[in-house]
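Thanks for coming. I will walk through one model today, strand by strand, and then stop at a few residues.

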Amino acid sequence: MKDIVEQLDERRGHARLGGGEKRIAAQHAKGKLTARERIELLLDEGSFEEYDMFVAHRSTEFGMEGNRPPGDGVVTGWGTVNGRQIYVYSQDFTVLGGSVSETHGAKICKIMDMAMQNGAPVVGINDSGGARIQEGVDSLAAYGEVFQRNIEASGVVPQISMIMGPCAGGAVYSPAMTDFIFMVKDSSYMFVTGPDVVKTVTNEVVTAEELGGASTHTKKSSVADGAFENDVEALIEVRRLIDFLPLSNREKPPVRPFFDSPDRIEESLDTLVPANPNQPYDMKELIEKIADEGDFYEIQRDFAGNIITGFIRLEGQTVGVVANQPMVLAGVLDIDSARKGARFVRFCDCFEIPILSLVDVPGFLPGTAQEYDGVIKHGAKLLFAYGEATVPKVTVITRKAYGGAYVVMASKHLKADVNYAWPTSEIAVMGAKGAVEILHRADLGDADKIAAHTAEYEDRFANPFVAAERGHIDEVIQPHSTRRRVCRAFASLRRKSQTRPWKKHDNIPL
């Protein structure tokens with residue numbers, strides 16, 4: 001018996017070394033942690049239960065029968081984050097470059113199947129050279145099986161992808177179908193075709209970082225939701241995100257202890273909106289002053305800054321926030337902000353996370369570039385996402401809410417549950433200047449008449465009371481009491497139940 005136990009310990013030690021000490025040292029020299037080190041940091045200490053440690057590939061082509069490392073380049077299992085179960089797989093770049101084989105893919109699929117069956121999130125740590133060329137179509141089949149699991153798990157359990165090294169070719173489509181993608185600056189990249197292929201086909205000379213690095217995907221393409229300085233920071237921040245999320249679509253988001261009174265008054269909010277209607281202010285200040293302890297986890301911070309998305313807690317319960325940002329393009333809606341907001345709203349609706357919308361929007365961005373690129377269809381994504389969402393929806397209009405953008409931003413007409421407005425809000429088809437130029441075209445040459453018409457229009461429409469008279473606004477509230485009113489609104493909606501007509505699925509304007 002003793003010999004058998006010693007043999008087991010020896011085999012485990014060999015498996016844990018992955019590609020060996022030299023390759024581990026090379027991984028560290030690049031500023032990257034190993035697959036197992038990453039799992040240790042992500043999960044609670046001592047909670048990891050590994051599966052399939054001794055699985056090896058079955059390939060015999062190109063001399064592969066003589067190189068069968070245990071684990072086959074991916075570490076899989078489950079553990080806990082702050083006591084809550086998650087499943088995890090972490091690709092090991094020290095073993096055959098983390099390349100995906102038939103058995104490598106089967107290990108990932110097994111973990112994803114278990115996550116769906118048991119109702120727990122999946123975190124995938126990607127660090128792979130791509131498909132294992134020696135296995136040909138079998139490696140491609142493995143990718144296809146993983147893709148199918150991503151599709152089936154969508155909306156069932158939260159899926160988080162961490163890109164902590166290369167992720168290229170067909171491999172990029174698995175993270176692309178998950179709920180959140182996080183990258184590490186200067187050591188991770190994603191692209192369908194690499195710089196060499198790009199140069200051959202299009203004659204463009206581009207580095208891997210320029211083509212698919214963290215900066216590219218967080219600022220330009222919107223593929224990634226966030227980028228971090230190093231592996232350690234990325235893993236700690238993902239632990240923080242998991243704390244906001246439910247384990248599955250069968251559970252409510254977690255409730256955490258809170259030490260911030262729901263009745264807290266913020267007098268400074270009474271002067272947040274400037275007297276000059278064209279002067280910007282920072283909507284993040286409002287978000288942080290509403291949130292428990294001012295804690296706000298922002299998603300896609302570096303992309304489409306004219307809309308803000310992220311998570312806060314109110315009375316210890318997770319709430320998704322979508323807010324126009326007057327500091328960027330005056331908070332106008334455009335293609336990028338509509339796509340960003342729609343994706344976030346749909347995620348919240350999948351997992352029963354209530355949505356708070358903070359509105360200061362002058363309209364949709366005009367121009368040929370927007371129209372040619374399809375702002376109509378892209379803008380409809382945000383409209384569609386809000387309208388189909390059945391979770392509790394509370395809206396606060398702080399200043400401008402003009403035209404179609406007013407309707408899109410979780411208005412009462414899209415079945416928002418509680419709609420508040422500050423006294424500084426203006427709800428109208430358009431601003432006073434544009435409206436007067438249309439309504440009183442004949443007087444355009446007379447400055448005094450135009451000024452009088454503008455003042456008349458502002459007195460009539462530059463306030464929330466016309467909408468309140470018609471029931472489109474439930475209450476005009478004092479800015480300083482916003483946290484209290486919003487907390488009470490969500491408390492009243494905790495047992496909300498709303499059904500939609502039966503359908504196989506909707507057909508969102510993609």
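Strand S12 and strand S13, residues 355-361, pair in the parallel sense over 4 bridges. To find your place, look for Val322, which stands opposite Ser357 in S13. Please keep in mind that this is a predicted model.

S12 has another pairing, with strand S11, residues 307-314. Here the two strands run antiparallel and 8 bridges join them. Ile307 stands opposite Asn324 in S12. S11 and S12 form a hairpin with 2 residues between them. In that turn, Glu315 has a positive phi of about 50°. In general, most residues other than glycine have a negative phi.

Is S12 enclosed or open to the outside? Of its 8 residues, spanning 317-324, 7 are buried, so the strand is largely enclosed by the rest of the structure.

If you follow the chain on from S12, you come to the loop between S12 and helix H12, residues 335-350, where Leu329 is found. Leu329 also has a positive phi, near 50°, and is not a glycine.

Now the open sheet. It has 7 strands, in the order S1-S2-S3-S4-S5-S7-S9, and the pairing is mixed. Which strands stand at the edges? They are S1, residues 49-51, and S9, residues 226-228; each has a single partner strand, so one side of each is left without a neighbour in the sheet. On average, neighbouring strands of this sheet are turned by 20° against each other, ignoring direction.

Within this sheet, take S2, residues 74-81, and S3, residues 84-91. These two run antiparallel and are joined by 8 bridges. Gly77 stands opposite Val88 in S3.

Two helices to point out here. Helix H3, residues 35-42, packs on the sheet and touches S1, S2, S3 and strand S4, residues 122-126. The direction of H3 makes about 165° with that of S3. Helix H4, residues 102-118, also packs on the sheet, touching S1, S2, S3, S4 and strand S5, residues 159-163. For H4, the angle with the direction of S3 is about 170°.

Next, a residue in helix H3: Arg36. Is Arg36 buried or exposed? Its relative accessibility is 17%, so it counts as buried, the cut-off being under 20%. Leaving aside residues up to four places away in sequence, Arg36 touches Ala15, Arg16, Glu50, Met53 and Val75.

Back to the sheet for a moment, to the loop between S1 and S2, where Asp72 is found. Asp72 has a positive phi of about 55° although it is not a glycine. Asp72 is buried, with a relative accessible area of 0%.

Last, the surface. Which residues make the nonpolar surface patch of about 220 Å²? They are Leu41, Val232 and Ile236. Val232 is found in helix H10, residues 231-242. With a relative accessible area of 35%, Val232 is partly exposed.

I will take questions now.

Technical notes:
Residues numbered from 1 in each chain as written. Predicted model: local features only at pLDDT ≥ 70, side-chain atom pairs only at ≥ 80, totals over all residues. Heavy atoms only, no water. Pairing = 2+ DSSP bridges. Axes fitted to C-alpha atoms, helices over the stretch in contact; angles between N-to-C directions. Contact = heavy atoms within 4.5 Å. Patch = residues over 30% accessible without salt bridge, like charges linked within 9 Å, V, L, I, M, F, W, Y side chains within 5 Å. Areas by Shrake-Rupley, 256 points an atom, 1.4 Å probe, with all protein chains shown as cover. Salt bridge = Lys/Arg side-chain N within 4 Å of Asp/Glu carboxyl O. Buried < 20%, exposed > 50% of the residue type's maximum accessible area, 1.4 Å probe, protein only.
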